[in-house]
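Subject: Structure handover

Hello,

Here is the structure I promised to pass on. Please open it first, then read my notes below.

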Amino acid sequence: MPADRLLNTVLQYYQDVHDAPRTEQIIGTTTHLLTQLSNPLNLGVLTSQFLTARAIWQRPEGLRTAIRIISIYNTAASRVREFELDGLKAEGPREGGGLRCAEWTRAVIKGADDRSKRWQHLLVLTGVLMGMEGNDKRTLGRTLRHTVQDAVVTAANLALETHVADGPLAGASIVLALNFVFPLLSEQQQLEINCDALLPIAIWAMTGEEGFCDAHFIEAIGRETTVTPNGALHWDAGTFSFYCLKDMERGPLMGNMGPLAKLAAFAVQHAKNTSAVLQAQDALLLFSRRSLEAWQRSPFGDIDPATENTMLSLDTTRNTWPLLIQVLKKLLFGAVSLLQAIVSRSLLDKKMLKAKTAPGVASRSLHILRNLSFISSRDGNNSFQVYTFSYLTSLDMLGRYPAAAEKFLREARPGE
């Protein structure tokens, strides 16, 4: 079917919600059309309609919808780039719609209009920039590349202003997009992102339902852990909690937790308002406390890491336990990377260095590390440089305030 006729067909399908197979077909057709349409106006119409299509946005797939949008435009941009490169080498008609990368990029960006939200625009821009410029491709000219990068920053900042009204998916999508596109921005453009607004949703993205789910996965595992006749703890691979943990591990943000922690750390370092950083530390402290309490309530809370292999069933040791430990390590590394940025800023920020603030920052940092000791105390997880810096620096800072140090020791002292 000619591309123009196929465009009319897919625009009609956009109007209704369909089952999963038809939705996949619609998405595949959209990607195909993005590479085949030869009229820039039609490309703009396709993007505009796609960003408001009920067939896409009315299906409850959460953040996976957002990453799919990025993937569609990343794939389409990469193919258009390949078509142009192949066309320069071969004689005869060019594959695809025949548009050059610059013309295609401008047409797609025009489709991100006022009919859709700014956070949706950010997804499209991220995909286009990744497809054209990712992995040092350097496809677009300097001026157009800079224009697209600026558009990313503008869309991100405008989306950050309205993400609360736009709903949870908007906030998570902003973080997801910036996580991918951040390395493709210049240093100056990175600094233009509103870090005060980005920081709280980056923390939420790490710790909330799109990240570590406020440690609820630990509680779910505990409820489905049984004791064998030999007295060993058994967590079966067929349990719902194991299925949920695997699904959580494959989540769009969980799969990129390292870059996400770096993005949150960047926001800590460059937030203009010190209170935003202190609030981030409070949120991290609360999350670490919830994680510890969930672990202590679970059957695993009483196991000494040195003897855990003798306390677990063979199936648990082989099949389920490794995934849990992997997720817990990711939790520790992400939290400590963020904490290191907070501790580093506390050494430079005049407001955080004040006598009224500094001991509290140090005390909270040590409480965070203490709460996560059920992870850091196993397998040498407390030996990496970021952990050591956060720990020793916080100790040194707290040691300058005897009253605060005494208070911390009373709070940290084990119960009777």
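Let me start with one residue. Thr 105 sits in helix H6, residues 101–111. Helices here are DSSP runs of H or I with at least four residues, strands are runs of E with at least two, and both are numbered from the N terminus. Thr 105 has a relative accessible area of 0%, so it is buried. Buried means under 20% relative accessible area, exposed means over 50%, and partly exposed is in between (1.4 Å probe, protein chains only). Leaving out residues up to four places away in sequence, Thr 105 touches Val 128, Met 132, Leu 140, Leu 144 and Val 148. A contact means heavy atoms within 4.5 Å.

A word on the source. This is a predicted model, in which local features need pLDDT of at least 70 and side-chain atom pairs count only at pLDDT 80 or more, while totals for chains, interfaces and linings use all residues. Residues are numbered from 1 along each chain as its sequence is written, and side-chain values use heavy atoms, with hydrogens and water left out.

Now the whole protein. It has 22 helices and 2 strands. The C-alpha trace spans about 80 × 60 × 40 Å along its principal axes. Of the 416 residues, 51% count as buried. Take the contacts with a separation of 6 or more: 77% of them are between residues 24 or more positions apart. The accessible surface is about 19,800 Å², and carbon and sulfur atoms hold 51% of that. These areas come from the Shrake-Rupley method with a 1.4 Å probe; for residues, only the protein chains shown count as cover.

Next, the aromatic rings. The whole structure holds 13 aromatic pairs. Rings of Phe, Tyr and Trp (its six-membered ring) pair if their centres lie within 6.5 Å; planes under 30 degrees apart are stacked, over 60 edge-to-face, and the rest tilted. Together with Phe 300 and Phe 374, they form one aromatic cluster.

On to the cysteines. How many disulfides does a search of the whole structure find? It finds 0. A disulfide is counted as a pair of cysteine sulfur atoms within 2.5 Å. For Cys 244, the nearest cysteine sulfur is that of Cys 213, 8.9 Å away. Cys 244 has 31% relative accessibility, so it counts as partly exposed. Cys 101 is at 3%, so it counts as buried.

Two loop residues have a positive phi. Asp 136 has phi near 60°, a positive value in a residue other than glycine. Asp 136 lies in the loop between helix H7 (118–133) and helix H8 (142–166). At 69% relative accessibility, Asp 136 is exposed. Asp 214 has phi near 50°, also positive and also not glycine. Its loop runs between helix H11 (195–207) and helix H12 (216–223). Asp 214 is partly exposed, at 25% relative accessibility.

Last, Ala 20. Ala 20 belongs to helix H2, residues 20–36. Its relative accessibility is 39%, so Ala 20 counts as partly exposed. Ala 20 and Arg 59 are 39 residues apart in sequence, and 9.0 Å apart in space, C-alpha to C-alpha.

Best wishes
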